[in-house]
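Subject: Structure handover

Dear colleague,

Please find the structure below, with the sequence alongside. My notes on it follow.

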Amino acid sequence: QLQLVESGGGLVQPGGSLRLSCAASGFSLDYYAIGWFRQAPGKEREGVSCISSSGGNINYADSVKGRFTISRDSAKNTVTLQMNSLKPEDTAVYYCAAGPAICYSGSAYYLYEYDYWGQGTQVTVSS
C-alpha cells in the first residue's frame, strides 16, 4: 500500500519551533518532488515549500521564507520541514504530498501535480 504519513505537529507558542516529518511506505520518495501544503480553517490549501526529486531545487512561499527549511533523507525515505519562529498565522493542518511536480525557486504550487497525499498533521501556534 502506497502511503504518506506526516508527524510532528502540535501546539507551540509564538516564536517556537516544530519539525514535521513525512514518511513514505510502499514506494521510494527519491523519484518524486515533495511538497508541503497547509490549510487553515475556511481557507484554501496553499503551498508552503517543495523540494525536487534530486533535492537540488527548493522553493518556499514568501510567508515562510527564512523561517522554514525543507530537506530530504533518502536513507530514511523521509522529507522534513523544520519550522522556526512560528507565528499564529502558521496555524493550519499541514500535508505532505509526492508527485511529478515541477519545483524550483519561484515555481507555483499546483495540487494536481501531486499524486500521493498524507492525512495531515495539525500545527497550532498560540500563547
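Strands here are DSSP runs of E of at least two residues, numbered from the N terminus. This is a predicted model, in which local features need pLDDT of at least 70 and side-chain atom pairs count only at pLDDT 80 or more, while totals for chains, interfaces and linings use all residues. Residues are numbered from 1 along each chain as its sequence is written, and side-chain values use heavy atoms, with hydrogens and water left out.

β9 and β11 pair in the antiparallel sense over three bridges; two strands pair if DSSP finds at least two bridges between them. β9 also pairs with β4, again antiparallel, over seven bridges, and there Val 93 has Gln 39 opposite it. A further antiparallel pairing, over two bridges, joins β9 to strand β10 (residues 116-117), where Trp 117 is the bridge partner of Ala 97. Seven of the eight residues of β9 are buried (buried means under 20% relative accessible area, exposed over 50%, partly exposed in between, with a 1.4 Å probe and protein chains only).

**Cores**

A nonpolar core is taken as a set of buried Ala, Val, Leu, Ile, Met, Phe, Trp, Tyr and Cys residues joined through side-chain atoms within 4.5 Å. The largest one has 29 residues, and Trp 36, Phe 68, Leu 81, Met 83 and Tyr 94 touch the most other members. At least two residues of this core come from each of β3, β4, β5, β7, β8, β9 and β11. Another core, of eight residues, lies apart from it and includes Phe 37, Ala 97, Ala 101 and Tyr 114.

Leu 81 is in contact (heavy atoms within 4.5 Å) with residues including Leu 20, Trp 36, Val 48, Phe 68, Ile 70 and Tyr 94, leaving aside neighbours within four places in sequence.

**Salt bridges**

The count comes to four salt bridges, each a side-chain nitrogen of Lys or Arg within 4 Å of a carboxyl oxygen of Asp or Glu. Asp 90 pairs with Arg 38, with the closest N and O atoms 2.9 Å apart.

Arg 67 lies in the loop between β6 and β7 and Asp 90 in the loop between β8 and β9, so the pair ties together parts that are 23 residues apart in sequence. Arg 67 is buried at 10% relative accessible area, and Asp 90 at 1%. Through shared partners, salt bridges join Arg 38, Glu 46, Arg 67 and Asp 90 into one network.

Lys 65 and Asp 62 form a salt bridge at 3.1 Å, N to O. Lys 65 is partly exposed at 49%, and Asp 62 is exposed at 67%.

**Asn 59**

Asn 59 is in strand β6 (residues 58-60) and is buried, with a relative accessible area of 4%. Its side chain makes a polar contact of 3.3 Å with that of Tyr 109 (a pair of N or O atoms within 3.5 Å; within protein, one must be able to donate a hydrogen and the other to accept it, and residues adjacent in sequence count only if both atoms are side-chain atoms). The side chain of Asn 59 also reaches the backbone nitrogen of Gly 106 at 2.9 Å.

Regards

How values were computed:
Helix = DSSP H or I, 4+ residues; strand = E, 2+ residues; numbered from the N terminus.
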